[in-house]
Amino acid sequence: MLNVQLALPDPKSPRTKRIEVVIDSGATRCLFHSDFARHLRIDTSSCPIEQTVGIGGIESTYLHDVTLYIPGGPVIARVGFKDNLPVAGLLGMNGFFEHFRVTFDGPARHCELERLYKA
């Protein structure tokens, strides 16, 4: 689990409150519950749609660029929003893992993050 904030890509855009999300190495991209899109005033009806496959089967995911406020500084990422997400959000490969070296220690139930900065 990790606390993050979301905002529209404009630097003056207000951020959400801190959201506790799941670090998910099995997720292709970062996903958030559609309630956060509504909070950010994102009109999902005008967003590109991506079909995603998860535990619940095939579902529509609405894509939009956001700024993710994560440890080490903000990044702009194309994330997905969906109604039937059983958690507030997932941090996936695109948008999160590309910015960190992630080490999972299963027995200790511990995850170590090392921020990577591109030159």
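Trainee: Which residue does Asp83 form a salt bridge with, and how far apart are the closest N and O atoms?
Mentor: The partner of Asp83 is Arg38, and their closest N and O atoms are 3.7 Å apart, where a salt bridge is a side-chain nitrogen of Lys or Arg within 4 Å of a carboxyl oxygen of Asp or Glu. The two residues come from distant parts of the chain, with Asp83 in the loop between β6 (73-82) and β7 (89-91) and Arg38 in helix α1 (residues 34-39), 45 residues apart. Helices (H or I, at least four residues) and strands (E, at least two) are DSSP runs numbered from the N terminus.

Trainee: Before I go on, what kind of model is this, and what pLDDT do local features need?
Mentor: This is a predicted model, in which local features need pLDDT of at least 70 and side-chain atom pairs count only at pLDDT 80 or more, while totals for chains, interfaces and linings use all residues. Residues are numbered from 1 along each chain as its sequence is written, and side-chain values use heavy atoms, with hydrogens and water left out.

Trainee: How many salt bridges does the structure hold?
Mentor: There are 5 of them, and one of these joins Arg78 to Asp65, with 3.0 Å between the closest N and O atoms. That pair also links distant parts of the chain, since Arg78 sits in strand β6 and Asp65 in strand β5, 13 residues apart. Both are partly exposed, Arg78 at 38% and Asp65 at 30%.

Trainee: What does Arg101 meet in a salt bridge?
Mentor: The side chain of Arg101 meets that of Glu114, at 3.2 Å from N to O. Arg101 lies in strand β8 (residues 100-105) and Glu114 in strand β9 (residues 110-115), so the contact ties together parts that are 13 residues apart in sequence. Arg101 is partly exposed at 45%, and Glu114 is partly exposed at 40%.

Trainee: What about Arg101 and Arg115, how far apart are they in space?
Mentor: Their C-alpha atoms are 6.5 Å apart, although the residues are 14 apart in sequence.

Trainee: Changing topic, how many aromatic pairs are there?
Mentor: A search of the whole structure finds 3, including Phe96 with Phe97, whose ring centres are 5.6 Å apart and whose planes meet at 85°, so the pair is edge-to-face. Rings of Phe, Tyr and Trp (its six-membered ring) pair if their centres lie within 6.5 Å, with planes under 30 degrees apart counted as stacked, over 60 as edge-to-face and the rest as tilted. Phe96 is buried at 0%, Phe97 is buried at 14%, and together with Phe100 they form one aromatic cluster.

Trainee: And what sits over the ring of Tyr69?
Mentor: The charged end of Arg15 does, 3.6 Å from the ring centre; the criterion is NZ of Lys or CZ of Arg within 6 Å of the ring centre and within 35 degrees of the ring normal.

Trainee: Last one: how many residues line the largest pocket?
Mentor: It is lined by 20 residues, of which Leu31, Gly54, Ile55, Lys82 and Leu90 lie nearest its centre. The elements that give two or more residues to this lining are β4 (49-54) and β5 (57-70), and β4 gives the most, with 4 residues. A pocket here is an open set of points on a 1 Å grid over the protein atoms alone, where a 1.4 Å probe fits, with protein on both sides within 12 Å along at least five of seven lines, and lining residues have an atom within 4 Å of a point.

Terms used
Buried < 20%, exposed > 50% of the residue type's maximum accessible area, 1.4 Å probe, protein only.
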